2 protein chains.
Amino acid sequence: MVSPKKVGNQTIVFENGPFIISGHTIAGPMEGQGPLAASFDTILKDTYDGEMSWEKTESKMLENAMREVVKKADILLDSVDYILAGDLLNQIISSNFAARQIGVPFIGLYGACSSMALSMAVGSMLIDGGFGSKVICSASSHHETAERQYRLPTEQGNQRAMYAQWTVTGAGSVLLSDSGTGPRVTTATIGRVIDYGETDVNNMGAAMAPAIADTIINHLNDLKRQPDYYDLIVTGDLGSVGLQLLVKLLVKNNVKVADNFNDCGVMIYNTEQDTHAGGSGCGCSALVMAGHILKEIYQGKFKKVLFIGSGSLHSPTSSLQGETIPAIGHAVSIEV
Amino acid sequence: MVSPKKVGNQTIVFENGPFIISGHTIAGPMEGQGPLAASFDTILKDTYDGEMSWEKTESKMLENAMREVVKKADILLDSVDYILAGDLLNQIISSNFAARQIGVPFIGLYGACSSMALSMAVGSMLIDGGFGSKVICSASSHHETAERQYRLPTEQGNQRAMYAQWTVTGAGSVLLSDSGTGPRVTTATIGRVIDYGETDVNNMGAAMAPAIADTIINHLNDLKRQPDYYDLIVTGDLGSVGLQLLVKLLVKNNVKVADNFNDCGVMIYNTEQDTHAGGSGCGCSALVMAGHILKEIYQGKFKKVLFIGSGSLHSPTSSLQGETIPAIGHAVSIEV
């Protein structure tokens, strides 16, 4: 049978897409020095924030982002049906331990840096499908926890490649609701795993660009839309190298790329901050989406936004075993 | 607002719960010597199955379980809307690489050993909600990949605790469909993260039992059911130690425990196989559910089954940093 809410190959059109009734962001010190600082609710003074390990700091940030997004919406935690969350750490411990503290039914997701978009896509399905009325969608990353797990401990002070991205320290949450006012999630496009054979784990942008192109092309084709339908088409965290590759891939596929394209990884840091190709990590798009973009939507600057989270689906083990880097892009559209 | 399909605190009642139209299982050599061997579709002759690493073997098992479950249902891969899968490896690489080979839109889940139940719960929501008509739900684990990641490489031949469980080598898939005949997923209870302070990573059963008790109690209360409503109440993989603790917790909470309770970790090995407290790992409940139990349902032996997947949500890093072991239980009921 044909799924009643599916259009084309991959896209869901929500009949009763949830309202995004609040967003909350907690940023690291470096992110708090970037151009979007004014949009973050809390900026940590240091990377530990009083905890004994960076992993504990990351989980606390995520927990606080979950608690605060609910408070901001002026509802009780008891009325939240699900937490959907993911992060980069092995066994997604940041999310697991945050969810333990909150006590709400929990669906753990793994989409690497696409986790924020994935949580919003699945969360919207849970609400539109009638399975819940309030869903917390969250993601986090921490520069120090991610770097030592994926690459090298930051204490070593290793030289980074100029095309490498800087893992963001930050956590963001949005609260989806079946009732309210304001912007709604109107469609979702769940991505396929795409792998063009990139093997350089310092070049996440190149690994992810083909997957994002695939999702954007399918999204537009499924809905018979042109890119100018949206005020903003914002990718998760391709960074400057990945964004250039994405544009090339889209142009090659006859997608009209214009000034309405941007990338969370490009937006989050100033060039003077010396992050090289920009930001990455689940916290990057979580901060930019739940902070900057959501505020711009609330303020009426953007009315139609397409947000495509991008995730690299490798692990250090898979890379050491000679595997290439598979990637995925999940998209949600947000409209007022 | 009240969610139309939610009953009580945590339970979803499906109006159009999906049919489980096929199941497929691929078991490791040791699992193929156990009491459920006859229910597995394929039994590997050795733990490598021709691959250069155990991680590659695990991903290939999972990929094959996904392909074969679709073939068995006599449908085309193109008609499948989503893959929902999870595994134990860092960044769920087994699932990511399997999904890359299949090419179907992919939602990565992390619920540790509860992944099979979690994928069935979320998959049922996607179908009941009208977001898709065919969903592959899968999970896998491999004894050697899990042991070296979580504890010690098996080549060291370390002595194991008598209350430790044996990570199962195996992959299982079920195909959920909006049309068909036979058993349907009728309810789902998404679990909360529960932590009673267990710190011994060799005692997963003790860490998980409280979370499973919580989910079972909430499921029964939400639906105002007694355990005898079900022909079989089967937990994911508590093993013999965890199952005893679960029974104690349930009895303490006035739940009538009878002969209809069992555990996938207890069922999968003979006591002569010297696994100590039984099986564990995502592949354990994936094999027992998609193999043995589904066949018994198809054959009419069971008409009403409650399946509760159990997951420990720690990581080696969280344990080394002194954290206790949080756990979760997700339940689905399957009825003919």
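**Note on a predicted two-chain model**

1. In helix H6 of chain A, the buried residues are A:Gly239, A:Val241, A:Gly242, A:Leu243, A:Leu245, A:Leu246 and A:Leu250. A residue is buried if 20 or more other C-beta atoms, placed from the backbone, lie within 10 Å of its own. Helices (H or I, at least four residues) and strands (E, at least two) are DSSP runs, numbered from the N terminus.

2. This is a predicted model, in which local features need pLDDT of at least 70, side-chain atom pairs count only at pLDDT 80 or more, and totals for chains, interfaces and linings use all residues. Residues are numbered from 1 along each chain as its sequence is written, and chains are lettered from A in the order in which they are written.

3. Helix H6(A) covers residues 239-252 and reaches 20 Å from its first C-alpha to its last, close to the expected 20 Å; the expected span is 1.5 Å times one less than the number of residues. The buried residues of H6(A) pack against helices H5 and H7 and strands E11, E12 and E13 of chain A. Just after H6(A), A:Asn254 has a positive phi of about 60 degrees.

4. In chain B, eight of the nine residues of strand E15 (327-335) are buried. Strand E15(B) pairs in the antiparallel sense with E10(B) over five bridges and with E14(B) over nine bridges; pairing requires at least two DSSP bridges between two strands. B:Ile334 is the bridge partner of B:Val185 and also stands opposite B:Val305.

5. Between the chains, 58 residues of chain B are in contact with 58 residues of chain A, contact meaning C-beta atoms, placed from the backbone, within 7 Å. Among the elements giving two or more residues to this side of chain B are helices H1 and H3.

Key
Buried ≥ 20, exposed ≤ 12 C-beta atoms within 10 Å, placed from the backbone. Contact = placed C-beta atoms within 7 Å.
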